[in-house]
Amino acid sequence: MTGYLLRVESIHKNLGGKEILKGASLNMHRGDTKVIIGPSGAGKSTLLRCVNLLMRPDSGRIFLDDEEITGKHVNLSHVRSEIGFVFQHFNLFMHLTALDNVKLGLVKVKKLSGQEAESNAARALRDVGIQDTLFRNYPAQLSGGQQQRVAIARAIAMEPKIILLDEPTSALDPELIGEVLRVMEQLAQSRTTMLAVTHEIGFAKNVADEIVFMDDGVVLETGTPADLLANPKHERTQRFLGKISELYGVKRTGA
């Protein structure tokens with residue numbers, strides 16, 4: 001037993017003849033919030049997709065609760081029921097109401113009765129600030145922020161061991177970003193295990209237990225927000241943070 005909930009060991013992934021991940025590794029304890037930052041094309045989203053097996057790594061191993069999930073005979077449905085995923089563009093079923101979007105996995109995967117699934121789905125929606133009056137609305141009748149909160153509710157309703165969030169605010173208008181970040185902050189405060197790819201440096205600074213900096217398919221540096229944002233050790237991390245320091249108000253020691 002390692003004590004880690006998630007272990008990602010030297011993951012490689014090629015897409016379209018290009019090597020996207022070049023041996024990326026990271027570990028997470030239960031209850032941690034970890035944020036991955038880095039430039040576009042660093043492999044951040046590909047890494048998340050490998051973790052819940054939306055993409056199969058070409059090599060390397062991934063363990064959840066000390067069980068390898070990258071083995072040949074793994075039960076994909078079971079793995080994905082234990083790893084929630086929140087997509088950048090919501091990925092809600094447009095023909096289902098907000099409530100039914102959240103219920104679906106509870107009925108199909110968890111095999112709950114319709115009544116129990118509806119009760120659990122309603123609770124998850126309320127937990128992310130969706131009012132009961134919106135439960136019967138379809139995604140097209142909801143704002144982008146509401147849709148993303150429904151997507152988060154869908155993930156947490158399954159009671160997964162970990163939730164992966166792939167740039168959950170990047171498709172939102174600026175005035176809607178805050179409502180999604182508040183939900184993510186509440187999840188972090190409740191010690192929900194989260195691994196998030198985001199450009200919201202303020203969120204990472206205030207909430208993350210650890211920040212991971214990725215570039216060119218590998219993890220270059222990790223550290224607490226205080227250490228990594230204020231005094232990054234790797235030159236590439238310094239350059240990346242230097243470009244966004246004025247925008248996000250991040251100041252580094254000696255800068």
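Contact means that heavy atoms lie within 4.5 Å of each other. Axes are lines fitted to C-alpha atoms, for helices over the stretch in contact, and angles between N-to-C directions run from 0 to 180 degrees. Helices (H or I, at least four residues) and strands (E, at least two) are DSSP runs numbered from the N terminus.

The model is predicted, so local features need pLDDT of at least 70 and side-chain atom pairs count only at pLDDT 80 or more, while totals for chains, interfaces and linings use all residues. Residues are numbered from 1 along each chain as its sequence is written, and side-chain values use heavy atoms, with hydrogens and water left out.

Figure 1. Helix α1, residues 44–51, lies across β1, β2 and β4. The helix runs at about 115 degrees to β1.

**Figure 2. An open antiparallel sheet.** Four strands in the order β2-β1-β4-β5 form an open sheet with antiparallel pairing. Because β2 (18–28) and β5 (67–68) stand at the edges, each with a single partner strand, one side of each has no neighbour in the sheet. Two strands pair if DSSP finds at least two bridges between them. Strand β1 (residues 6–15) and strand β4 (residues 59–64) are joined in the antiparallel sense over five bridges. In this pair, L6 stands opposite L64 in β4.

**Figure 3. Two loop residues with positive phi.** D65 is found in the loop between β4 and β5. Although D65 is not a glycine, its phi is positive, at about 55 degrees. E167, in the loop between β7 (162–166) and α6 (174–189), is likewise not a glycine and has a positive phi of about 45 degrees. Buried means under 20% relative accessible area, exposed over 50%, and partly exposed in between (1.4 Å probe, protein chains only). D65 is partly exposed at 25%, whereas E167 is buried at 14%.

**Figure 4. The largest pocket.** Two or more lining residues come from each of α2 (76–82), β6 (83–86), α3 (98–108) and α5 (144–157). The most come from α3, with five residues.
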